[in-house]
Structure formats: structure tokens, C-alpha cells
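Morning, everyone. I have one structure for you today. Let me put it on the screen.

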Amino acid sequence: MERKFIYDSPVYDLRELSRRNLHIHTCYSRCGKADMLVSRVVAEADRAGLEMIAFTDHFNYFDFDGVCLAQCAAQRLMAEKIPHRVKILYGAELSNYDIGKQLELPETNAALDIRLYACNHFQMEVFVHPEDRTARGYALHLLKATKELMLSGKADCVAHPLIGMRVPVDDIREVGLAMTDSELGDICELSRTTHTALELNRAAIGSDPGLYRRLYNLGREAGAFFHFGSDAHSIEWVDPSGYIGDLERLLN
């Protein structure tokens with residue numbers, strides 16, 4: 001399958017990246033609020049002047065392929081019934097639940113407009129934890145899982161990359177601190193060579209700005225690709241204009 005890239009060359013202007021909000025959950029996701037209807041999201045994206053959005057509802061279970069593709073088809077039909085300017089991608093937040101392991105079938109992966117993968121949804125029962133449950137153990141696990149995913153060619157983007165979400169350490173920032181600049185640089189270099197984007201995720205940046213400041217700056221040196229995603233669960237997060245300045249200050 002020939003991949004269609006969101007960006008042909010890397011973009012490092014966060015305000016330019018934020019014109020394409022590529023991580024939005026609708027009410028099909030359990031985390032999505034009831035008002036996250038396709039019509040509401042599209043209207044808000046148009047009001048905000050966004051160029052592109054992506055619907056990326058969760059794929060957290062085995063044998064979920066039929067449901068995922070039916071949701072995408074339903075979203076497409078809903079959007080076709082309303083006038084809109086914003087370009088819409090119909091994808092999923094897929095699960096890389098262990099090193100080299102994903103939940104979806106190859107044909108499901110191929111049918112999606114955009115393949116956003118989470119490697120760190122450790123709160124989900126299906127996700128495998130490392131044997132070493134220290135910060136360094138999780139750091140090594142996430143680095144290897146991300147590397148193998150990028151090399152597989154299955155991912156367009158890695159969601160909230162490398163952050164220690166819901167891990168049994170005192171402070172999730174310990175996981176980022178346990179990664180060396182050399183290790184992060186290797187991931188950034190792999191982003192460039194595999195054309196796999198690293199997501200600048202609104203919530204993740206706020207939770208571990210130090211990690212993402214390092215990743216963003218190392219990525220710019222290495223020629224890495226980045227996507228912006230607000231991880232919107234409610235309408236107010238669809239439009240990045242109200243918080244993009246704060247994210248710029250955290251990253252620079």
C-alpha cells in the first residue's frame with residue numbers, strides 16, 4: 001500500500017502545525033463527551049479556520065475491526081450531509097499494546113485515512129507492562145516499542161510519544177528523565193527516515209514539558225516529522241487557538 005503523508009517535508013512552526021488537528025475523539029470513544037458529534041466538531045473546526053482534522057476514536061480491543069470501520073463509515077456519511085470547508089481524515093487511535101504487537105488486522109490498517117498509534121495506554125488491560133517496572137524499565141520499553149512500530153511502516157504518527165502514562169512511579173516525568181538525549185535523538189532520526197510523525201499532544205506536553213522540549217528540539221536538529229493533536233474529548237479542545245501560545249512557551 002502506498003502511504004499518503006500529511007506533510008511531504010517537516011514543519012516546525014507550532015502554529016502552522018496546529019492548523020491540522022489530527023487527534024480528535026468523537027462520542028464513539030468512551031472518553032469523548034456527549035457533545036462530540038461529527039456535526040458539532042466539524043462546525044467548530046470551520047469556525048476556528050482549521051485546514052484539516054482527523055477523527056481518531058480508540059481501538060482498544062481485539063476483534064474490534066468491524067466496529068472501527070463501521071464508525072469511520074458512519075462519520076463519513078454524517079459529514080457528507082453537512083456543508084464544510086475543513087478536510088476530514090477518518091482514522092483511529094490504534095493500540096501498539098506490546099513491542100511489535102498491534103490489535104488491528106492489516107486490512108483495517110490499510111482502510112484508514114490516518115493511523116495514529118498509542119504505545120503507552122498502560123491503564124488498558126490489554127497493554128503489556130515491562131518486567132522492570134522502574135522508570136528506566138518503562139523508558140526502555142517505550143523506546144523499543146516506538147522504534148519497532150516506526151520500522152513496521154504501519155504508523156503515520158505516534159500518539160503522545162514516550163511519556164509514561166499511568167505507570168507505577170511517583171511522577172510520570174521520571175520516565176522521560178530516564179531517557180538519554182542520545183536515545184531520544186535515535187527516535188527522531190527514525191522519524192525522519194521512516195516518515196513517521198511524532199505527535200505534539202496538548203495534554204502530554206502539559207504533563208511532561210521537559211520531555212517534549214527535548215524531543216521537539218532534538219527533532220528539529222534531526223529532521224523529524226511532527227503532527228499536532230489536541231486529543232480533544234470535548235468541543236472546547238478542537239480549536240487550538242486558546243492554548244497554542246502556552247504550548248509554544250513550554251516547548252521553547
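I'll go from the overall fold to the packing inside. A word of caution before that: this is a predicted model.

Start with the elements. The chain has ten helices and eight strands. Along the principal axes, the C-alpha atoms fill a box of roughly 50 × 40 × 35 Å.

Now contacts. Residues 24 or more positions apart make up 77% of them.

Next, the surface. The accessible area is about 11,000 Å², and carbon and sulfur atoms account for 51% of that. On charge, I count 28 positive side chains and 37 negative ones. The centres of those two sets sit 3 Å apart.

How much of the chain is buried? Of the 252 residues, 57%. In soluble globular proteins, nonpolar side chains tend to be buried together.

The largest nonpolar core holds 77 residues. Which of them touch the most other members? Leu-14, Ile-53, Phe-55, Leu-162, Val-175 and Met-179. Helix H5, residues 135-152, gives this core its largest share, with seven residues.

Look at Val-175 up close. Leaving out residues up to four places away in sequence, Val-175 touches Ala-135, Tyr-138, Ala-139 and Leu-142, plus Leu-162, Gly-164, Val-167 and Val-169.

One last item. Another core, of five residues, lies apart from the largest one. Its members include Leu-116, Ala-159, Ala-197 and Phe-225.

That's it from me.

Key:
Residues numbered from 1 in each chain as written. Predicted model: local features only at pLDDT ≥ 70, side-chain atom pairs only at ≥ 80, totals over all residues. Heavy atoms only, no water. Helix = DSSP H or I, 4+ residues; strand = E, 2+ residues; numbered from the N terminus. Buried < 20%, exposed > 50% of the residue type's maximum accessible area, 1.4 Å probe, protein only. Contact = heavy atoms within 4.5 Å. Areas by Shrake-Rupley, 256 points an atom, 1.4 Å probe, with all protein chains shown as cover. Lys, Arg positive; Asp, Glu negative; His and termini not counted. Charge placed at Lys NZ, Arg CZ, Asp CG, Glu CD. Core = buried A, V, L, I, M, F, W, Y, C linked by side-chain atoms within 4.5 Å.
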